[in-house]
Amino acid sequence: MRRYYVMGLFSNFEEAFSTISDIRHHAVPGVSVDDVTLKSPIEHPEIEEILGDRGSPLPKFALFGAIFGMIFGFLFLASAQATFLVQPAGGKAVITLPSNIVLSYEMLILFAVLSTIVGFVINARLFTRRHPLYSEKVSLDQVGVLLELDEKSVEPMKELFKKHKVLEIREEVAE
Amino acid sequence: MHTKDINENIAWAKINEDVLRSMENPRVGYWVAVAACILMVSCAVLAEIYQYQVGMGPSNLNWPHMWDLYIATFVFWIGMSHSGTLLSAILHIIGADWRKPIYRFAEAMTTFSLLTAGLFPIIHLGRVWNMYWVLPYVSDRGIWPNFRSPLIWDAFAITTYLTSSAMFLFIGMIPDLAICRDNARGWRQKLYTVLSLGWQGDDRQWRHFRRIYLLMACFLIPLAVSVHSIVSADFAMSIMPGWHITSFPPYFVAGALYSGCAAIITLFIILRYFFRFEEYMTIPILEKTCKLTFAIAMVWSYLTLVEFASVWYGHDMASKEALIARFTGAYAPFFWVMLFCGIVAPFGLAFERMRRHLPTMFVLSLILNVGMWLERWMIVTPTLESSYYPFAFDTMWPGIVQWAIVFGSFGWFGLLFLIFVKVFPSVSMYEVKEMVFHRRHYHSEEQAVKFHRRATDRQLTDQPGTEGA
Amino acid sequence: MSGNDINRRNFLKFMGLGGVGAATLTGCDMPTTVTIEEGKEKVVSYLAPEEYVIPGIGNWFASTCQQCPSGCGVHGRVREGRVLKLEGNPETLNGNGLCMMGQASLQTHYNPDRITQPMARKGGSLVPVSWDEAWKLLQENAGKVDAGRSAWFTGTVSGHQAVLLKALNKAWGSQDHYVYEAINNAVGEAVNEAVLGEAVPAYHLNKAKAILSFGADFLGTWVSPVHFAKQYAEFRTGDRGILMQVEPKMSLTGANADMWVAARPGTEGVVALGIANVLISKHQVSGSVLPQAALDVIAQYDVNKVTEVSGVSGDQLVRMANYLRGNSPSLVLSGESAHNHENGYQNAMAAMMLNILLGNVGKTIDGSNKLAVEELQAKTGSSAALLKFAEAVDAGKYDVVFFKGTNPLFTAPVAMDLAGKLAKVPFKVSLSMFLDDTTMQADLVLPLSSPYEEWNTSVAPYQPVEAAISMSQPLMNPLSSETRSFGDLLLGMLKHHGVDGYDFPSYYAYLQDAMDKLPASIKGSAVDFWADSVQKGYVKATAEGGSLTTKLGDLSQKAVDVGGDFPMHLVPSSNQTMWDGRNANLPWMQEQPDQISKVFWDSWAEIHPKTAAKLGVHEGDYIRIKSDQGSIDVKVYIYKGVHVDAVAVPMGRGHKEYGRYAKGNGVNPLSILSEVIEPTSGELATHGTRVSITKTGEHEELPRLGGSETQVGRRLVSTVSAEVFRRTEGA
Amino acid sequence: MSLKNVLENWSDYRKTHEQGGHHEYEHMWTLAIDLNKCTGCNACSVACYAENNLATVGKEKLHKGQGMHWLRMERYWDEPQMGGDDAEYHERGASFLPMMCQHCNAATCEPVCPVAATYHTPDGLNAQVYNRCIGSRYCSNNCPYRLRYFNFYSYYDTSWPEPLNQQLNPDISVRDKGVMEKCTFCVQRIRTGKDQAASEGRELRDGDVVTACAQSCPTQAIVFGDMLDEESEAAKLWAKQQVELGPYEQKKDKEGSELRGYRVLEALNTDPCVMYLDRVREA
């Protein structure tokens with residue numbers, strides 16, 4: 001069976017959200033809310049409630065980066081200091097905690113930030129091609145509700161879109 | 001008088017149009033400004049070439065004035081960089097949505113201030129060509145930098161801060177770059193296609209975007225505090241009277257936020273005027289910024305007085321003398337001007353009439369920044385003038401080379417900023433839309449109720465997010 | 001650093017020598033070069049170094065410092081054929097120590113402004129000539145001069161140079177050898193001669209419990225400073241003697257005194273009389289050792305009178321007397337600022353009177369040991385010589401004058417118009433290392449080698465312990481092949497005059513011969529006397545000295561002139577930094593801050609804060625110091641180490657010539673001296689000039705090291721009382 | 001750079017100066033300077049110029065404070081509050097203080113150098129590595145004695161015109177622009193002394209090494225020696241004056257409380273290796 005991409009563009013965000021809500025409540029048989037991708041010009045945290053809690057692992061990336069940065073930072077500094085015995089003492093110990101704490105702190109943040117960015121790039125699927133149905137209007141003022149559907153669900157979905165005052169429907173055969 | 005921060009009913013297309021317009025077709029004034037900045041930068045470049053060839057002598061640095069304007073200006077620019085963090089990260093976390101129209105250029109300021117500030121520790125080196133020795137690279141001779149030195153801390157902190165703040169700026173700009181991509185042609189389109197990293201406004205992208213933005217804001221705040229604390233450690237970790245002061249880290253941080261806010265006011269007014277951003281950079285937002293600046297100015301003033309008081313109350317004669325020397329010594333006139341600009345002048349921000357008068361605010365913000373620059377100079381120099389060793393007491397006036405480089409640094413900053421405003425959107429389009437969207441919803445009772453009903457289980461207000469006051 | 005460079009340079013130099021030497025050296029049989037190793041007189045390239053030369057290892061060779069007349073023994077560190085550093089020769093009278101002038105004398109040797117070839121006056125200016133031409137000129141102008149119509153004008157000369165000089169003068173039929181030193185102790189010597197029967201007695205600072213010095217800057221410029229500093233250290237340890245200094249301007253010695261007393265210039269003698277008065281009247285010191293005439297004079301100077309004349313308070317007088325009375329034996333010295341007045345002789349006499357009164361003669365002042373070889377004895381300088389010379393020149397007495405080791409056109413008062421008078425001498429020859437002010441006026445300039453390039457013997461004028469002949473040996477090859485040692489030039493002139501008995505190939509050969517002829521008592525039992533002497537750097541040659549007499553002269557003091565239009569006293573002070581100006585071309589010395597004012601590279605005038613307040617000047621303001629002979633404008637340094645009525649300007653700067661480092665730095669206070677003469681000794685009273693000072697209104701920051709004049713409460717140095725010191729560290 | 005190294009020697013690497021530090025000292029070079037004997041004659045300073053290739057910078061630059069006087073002879077006038085008096089004249093003369101690098105064992109200059117160009121040698125010297133210096137000048141700023149001097153220009157061409165450059169000591173370098181420099185306790189002489197002793201197959205003895213300043217001092221007010229050699233004159237002087245390296249407040253016994261030995265700005269706990277003995281005046 002052929003799969004289709006269908007996207008409805010809405011200018012009224014409420015209607016778009018109602019559409020998704022309807023999908024969630026199985027308005028179209030065989031289409032689950034998990035198939036929905038919302039394309040939006042702005043951030044809609046409230047949509048998560050409708051789309052379902054899809055979650056984000058980014059805090060884990062941050063935590064990993066932070067812990068790694070701190071431990072690596074400290075060990076890096078300490079072992080560098082321990083091999084570099086001609087370093088200026090100034091009466092202080094070879095491995096000096098105050099300076100290492102300061103520097104480990106900086107490394108903590110640096111690695112946390114870098115790790116979070118890597119996590120973001122991976123999870124947000126950046127560096128991928130734009131969707132064939134991508135419309136420039138979703139970067140302006142319209143919301144797109146994109147679904148990947150079986151052929152049989154296309155028409156009911158269009159109906160649902162129209163019920164919610166869709167402005168434009170695009171569809172394409174999925175490769 | 002109360003007006004709204006922003007017109008909630010503004011057409012989103014107009015937002016795109018206005019901002020995108022600001023990035024195109026530079027007018028004559030723009031090129032004049034670019035030329036002026038290039039001229040200023042060339043002063044600094046010439047001075048630096050001369051200094052490179054001859055040595056640090058012509059800058060008039062001497063024994064005991066081993067540091068002077070270079071370090072003072074370094075601290076000044078580092079301080080300037082704290083504006084972006086404050087406006088963007090702190091206000092983001094506390095959910096003050098009025099930051100949205102103005103945070104972009106503030107963040108850009110952060111990055112460019114850092115790029116300017118970072119030059120100074122390099123310029124001030126006696127042997128610039130060996131500057132990479134401060135990096136902790138693995139050398140076959142087993143030589144590392146000295147991790148005890150606050151200057152190395154500086155190097156680490158500035159690197160971290162520059163990386164993080166540039167990333168913060170960039171990531172926050174991705175949705176806008178996608179807008180640019182969708183509207184641009186030619187080289188710009190290619191550029192924005194690459195830079196927008198394939199952003200297509202998916203809910204997945206937005207979801208992670210929200211998280212990373214929040215996380216980075218969380219990291220950036222302690223980072224900014226640590227950066228300026230570390231810069232203050234250049235002085236506070238030393239043994240010199242007038243430098244070795246416990247309250248320096250918060251004092252520096254407050255000073256940094258202060259000068260950053262003042263600079264935001266300056267740039268706010270400039271951008272509003274030249275790019276006709278009246279609808280985004282509104283007077284109420286300026287007022288809020290001014291109030292914030294005033295609050296920080298008072299914090300700074302308090303810390304200044306606390307510094308004096310604690311030194312005065314302590315019994316360390318050398319520190320006390322260093323303090324008295326600031327008030328009465330050779331540099332006293334500058335010190336008094338600094339006190340005026342830093343403590344007295346900000347009271348102008350307390351009056352609504354003045355806050356709403358743009359020319360006044362423009363001049364005032366410049367005065368505040370002159371004060372903050374003088375503050376840094378007055379931290380570095382009077383201590384070197386008189387410290388523990390009476391035989392080395394000396395008054396020194398910076399030479400032309402130093403002035404030229406300091407002067408040029410403003411040109412450098414200006415140039416970077418001018419390029420930025422023509423290549424990148426200096427107002428965040430998607431966030432203005434968010435602001436408008438949320439305000440429209442939350443300010444209209446009917447919409448809000450309707451919206452809440454549609455929401456399923458939890459109270460939406462508990463959600464972390466951009467919806468705000 | 002650049003060993004290869006040096007080798008190559010020297011190599012080229014030697015090549016040049018080989019080529020030119022044959023042509024230029026025929027007139028005078030000079031050695032091409034001498035190496036520092038004994039006996040080798042060949043040019044040897046470092047391609048085949050001397051066997052003792054180990055690259056990278058320094059060797060130490062003994063020599064003698066010629067920077068001032070004290071004649072300190074030095075050890076020079078020689079590495080790869082270059083002398084790098086001088087240190088004191090521990091076996092000589094200066095011991096380990098070497099003063100800053102001695103250290104800096106290396107820069108005399110390496111000075112970039114040294115004369116590197118003979119020069120002659122042609123068409124009004126000095127142009128380089130060859131040695132052939134120089135000898136020809138000398139022969140033409142000086143060879144046939146009538147008997148008695150030639151003269152030598154030199155600084156202190158001693159050793160075999162003095163012998164040759166004397167022989168040369170004899171050959172010319174002239175007795176006229178003027179020895180001039182701007183910084184001298186001639187008045188003191190005259191008094192010593194008159195009272196003690198010996199011009200230069202031995203002073204034992206180390207044996208004294210108290211020293212009272214009237215302007216004798218024995219740590220700085222007086223007689224033999226390094227030797228005295230060594231004694232001073234002993235004086236200050238153990239039971240720690242007390243040092244009192246009476247002078248109008250704080251000298252280095254004054255800065256180290258327990259009690260520094262500012263007396264009105266020229267009244268030092270009065271202060272001495274006052275102290276004697278207190279000692280006799282209050283302390284029951286027996287005056288019987290003094291002649292009645294002296295006691296009569298002393299009786300006139302009670303405390304009130306002394307205070308009135310000298311400005312020294314009664315309290316200070318009494319304290320000084322107490323110290324002297326309570327700490328026996330003591331030592332009373334007089335020097336520059338006491339001597340160089342119209343009544344300088346009386347001042348010195350009064351100081352000597354105190355020594356006699358306190359019974360110091362024979363205890364802290366002793367008969368000095370004499371050098372066993374009379375003819376090598378140093379001829380010490382005086383300014384009387386300058387005056388006599390000027391007079392003789394003015395009278396047109398000379399056709400030829402030779403200058404060496406002194407720069408009278410810089411140090412002589414302008415009032416004397418020495419330059420004008422010298423114009424009457426048809427042919428002036430200057431033997432010099434530098435184009436100094438005098439050399440620039442010469443008709444013929446013969447370039448001298450530096451003291452560290454030549455063989456020489458010298459005898460220090462003051463050597464109280466064991467008299468010795470100081471040996472100098474070259475510490476390195478001459479920097480320029482065209483310079484000649486003074487000894488070689490004298491020898492060459494003798495040969496040109498056809499004087500018999502001087503047929504030596506070089507001064508070096510002459511010296512070896514002359515040393516070999518020294519009496520066996522001096523030569524001792526050394527296997528190789530010459531090598532031994534050169535190695536040690538000295539030859540002991542002591543003859544027993546006689547005992548001292550105590551024939552006190554007239555003490556009566558002449559009242560000091562009130563000054564009239566010129567109320568202030570000009571104190572042209574001397575210091576080690578510039579000495580009489582000869583150090584002005586040494587960058588190290590210019591760069592060294594003055595010991596007291598810490599000013600460098602420039603001149604300054606010292607005035608008292610009260611005087612400054614009266615004038616309304618602050619540090620760095622220019623004042624105009626005006627005497628009847630002219631005026632100088634100079635920046636002021638204000639401190640409480642100068643008498644209220646005095647303005648002190650250090651001498652030694654203000655050269656019009658003398659190389660890149662000296663030229664144009666500062667002013668020369670000697671240029672405005674009035675021609676005041678101390679009648680008894682005939683010395684120039686350099687401190688006798690009266691001046692007026694006015695503010696010019698100009699200001700320039702005084703180039704001075706040190707930000708603060710006090711410790712600002714930092715307790716970097718605190719002061720412990722001598723009582724505590726004696727308790728904890730006393731003998 | 002191994003973790004094992006860090007973990008195994010952890011406690012050793014954590015020892016501070018007060019606990020003896022990580023390093024074992026072979027020597028501990030010190031100076032004892034008797035201000036009772038010091039006359040302020042400046043011979044030491046010129047000797048230092050001669051020995052250490054110090055540039056003469058000329059009037060303008062020296063006046064601007066760009067000079068190179070490693071050993072500076074300071075002169076202070078008495079202050080009324082310091083036992084001086086308000087009399088018309090400086091009756092007690094001047095206080096002289098020869099000031100060279102104090103070679104602090106807890107040197108404030110060391111930890112602030114970003115590239116570790118200044119460090120403590122096993123000889124107890126505070127060494128400056130010219131090659132490593134990048135000229136941040138922080139060390140000089142953090143030296144309470146202000147004893148570090150910076151090459152603001154390249155002085156080679158101007159300071160030593162031919163043939164003055166032939167006097168340059170080949171044992172040490174001529175510093176170029178952009179480098180910090182300071183008194184080294186004549187480290188080249190220490191090196192020579194050690195080599196000499198080694199070639200003679202013996203331990204270094206007191207007197208084998210003398211710094212230029214100590215050697216030239218006419219009154220022998222400056223004594224140089226090894227504190228670890230108890231027989232050395234310097235160590236004896238320190239002991240006699242009851243001054244110890246380490247503490248910032250000397251525990252002098254009751255009789256010792258009148259002793260003159262002290263270290264400049266000792267209370268800053270920089271632990272300098274130069275002991276001074278106070279000036280003495282009669283009253």
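Author: Helices here are DSSP runs of H or I with at least four residues, and strands are E runs of at least two, numbered from the N terminus. This is a predicted model, where local features need pLDDT of at least 70, side-chain atom pairs count only at pLDDT 80 or more, and totals for chains, interfaces and linings use all residues. Residues are numbered from 1 along each chain as its sequence is written, with chains lettered from A and ligands numbered from 1 in the order in which they are written.

Reader: In what order do the elements of chain A run from the N terminus on?

Author: Chain A has 5 helices and 4 strands. From the N terminus on, they run β-α-β-α-α-α-β-α-β.

Reader: What is the radius of gyration of chain A?

Author: The C-alpha trace of chain A spans about 80 × 30 × 30 Å along its principal axes. Taken over C-alpha atoms, the globule rule is 2.2 Å times the number of residues to the power 0.38. For 175 residues a compact globule would come out near 16 Å, but chain A has 25 Å.

Reader: Which helix of chain C gives the largest share of the side that touches chain D?

Author: Contact (C-beta atoms, placed from the backbone, within 7 Å) links 71 residues of chain C with 61 residues of chain D. Several elements of chain C each supply at least two residues to that side, among them helix 2 (100-109) and helix 24 (722-729). The largest share, 6 residues, comes from helix 6 of chain C.

Reader: Which residue is the bridge partner of Val720(C) in strand 11 of chain D?

Author: Strands pair if DSSP finds at least two bridges between them. Strand 30 of chain C and strand 11 (residues 279-281) of chain D pair in the parallel sense over 3 bridges. In strand 11 of chain D, the partner of Val720(C) is Val280(D).

Conventions: Two residues are in contact if their C-beta atoms, placed from the backbone, lie within 7 Å.
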